[in-house]
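Me: Please take a close look at one part of this model for me. I would like the sheet, its helices and the salt bridges in one connected account.

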Amino acid sequence: MNSTIPDENVVRIAVDLACRAPSVHNSQPWQWRYDDGRLDLYTEPGRLLASADPSGRQLVVSCGAALNHLQTALTALKWSADIQRVPEGPHSGHLATIRFRHDARPQSHDFDLLAAIRHRHSDRRPFGPVSVKTPLPRGLNDVVRRLDVHLTVLGQDARPTLAKATEMTAAARKYDSAYQTELHWWAGHSLPQGGIPADALATADNRDRVDIGRRFPIGRDNNATREVDRSTVLVLSTDSDGRGEWLRAGEALSALLLEATVGGLSTCPLTHMIELRQGREIIRELLPDPGVPQALIRVGVTEKKSPPRQTPRRPLDSVFSIGHRHGAR
Ligand SMILES: Cc1cc2nc3c(=O)[nH]c(=O)nc-3n(C[C@H](O)[C@H](O)[C@H](O)COP(=O)(O)O)c2cc1C
């Protein structure tokens, strides 16, 4: 067996798992190409959310999450990934090149993370609090710091500020028809290969009990306790704000979500309150050090009995190709 060129089927399995990564509105804005021991990750600009995400920040964060899912899957398959992040330039859709070494020695935690790729989902129900029984996993800080990303655990005293930023964002967008059309195109009904089905969105009653969630269309997920949301909110931030930081923030988001899932916690990324400048400034002021917020994550405990349905993914062949490097963007 070649120790730097994995069999195409190994890469296919890893990319399939990578595509279980979270993405904004489940847009899955990525493309993968594999050729002769080299895998390249590209954005798919046609899946940009022009209204919610005109700069493409969340598109790149989503691709970063897929990149970290890929690395997690490869480790469990005994392959190390050498990731070369491509600086922004004329070929700005090209995000990363991954090369391989058949030398990973997965530990049992790596298999837990692999299993978490299959179990994780964004849960929009109200959460119970993290507690001594189900604490925030230790070492989260280290996991994100390796990627030059900062983690802030907000105290409950930040909650009114988060609710205010949410309210302000919702009010600013109530009559923004481009935003509303885009949101309703992606969420609340069944698109065969993407978007957020109604089963994964909270009922009106549940939605009202999460005062810091994005105002999605009303869904069908009515399975929740009667409590209001008592989640802990985490913020991922970077020192500056460019495509490289967005990619690493996405990798950190994935790593954090998978660790939390292994720890038995429910999660939901939140980005509505940092999409508009005013909300972003409010969140920035909650950070202990100067930095740029890239994603917030609600973390807590839910009943495990019937989690919301997992969201669909595009068929592998529409996001992954082998060879044809000359046609690459
Ligand atoms: C960059 C990014 C931003 C997101 N923003 C939100 C958000 O504001 N509110 C929310 O409920 N979910 C948000 N999500 C979660 C996505 O909607 C979710 O990942 C997608 O629908 C796929 O579903 P899954 O996470 O259950 O696999 C975000 C995810 C990413 C990667």
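Are arginine 125 and aspartate 123 buried or exposed?

Reply: Arginine 125 is buried, and aspartate 123 is buried too. Buried means under 20% relative accessible area, exposed over 50%, and partly exposed in between, with a 1.4 Å probe and protein chains only. The side chains of these two residues form a salt bridge, 2.9 Å from N to O. A salt bridge here is a side-chain nitrogen of Lys or Arg within 4 Å of a carboxyl oxygen of Asp or Glu.

This is a predicted model: local features need pLDDT of at least 70, side-chain atom pairs count only at pLDDT 80 or more, and totals for chains, interfaces and linings use all residues. Residues are numbered from 1 along each chain as its sequence is written, and side-chain values use heavy atoms, with hydrogens and water left out.

Now the sheet. Four strands form an open, antiparallel sheet in the order E5-E6-E8-E7. Strand E5 (150–153) and strand E7 (266–270) are the edges, each pairing on one side only. Neighbouring strands are turned by 25° against each other on average, direction ignored. Helices (H or I, at least four residues) and strands (E, at least two) are DSSP runs, numbered from the N terminus. Two strands pair if DSSP finds at least two bridges between them. Seven bridges join E6 (residues 232–238) to E8 (residues 292–300). Valine 235 stands opposite leucine 296 in E8.

Next, the helices. H8 lies across E5, E6, E7 and E8, at about 150° to E6. Helix H9 (residues 277–284) lies across E6 and E8, at about 70° to E8. Axes are lines fitted to C-alpha atoms, for helices over the stretch in contact, and angles run from 0 to 180 degrees between N-to-C directions. Arginine 248 sits in H8 (residues 243–262). Arginine 248 is buried, with a relative accessible area of 16%. Leaving aside neighbours within four places in sequence, arginine 248 contacts Arg85, Leu147, Asp148 and Val149. Contact means heavy atoms within 4.5 Å.

Back to charge pairs. The structure holds 21 salt bridges. One of them joins the side chains of aspartate 229 and arginine 159, 2.6 Å from N to O. Aspartate 229 lies in the loop between helix H7 (204–208) and E6, and arginine 159 in helix H5 (residues 159–173), so the pair ties together parts 70 residues apart in sequence. Both aspartate 229 and arginine 159 are buried. A network of salt bridges links Arg159, Asp211, Asp229 and Arg298.
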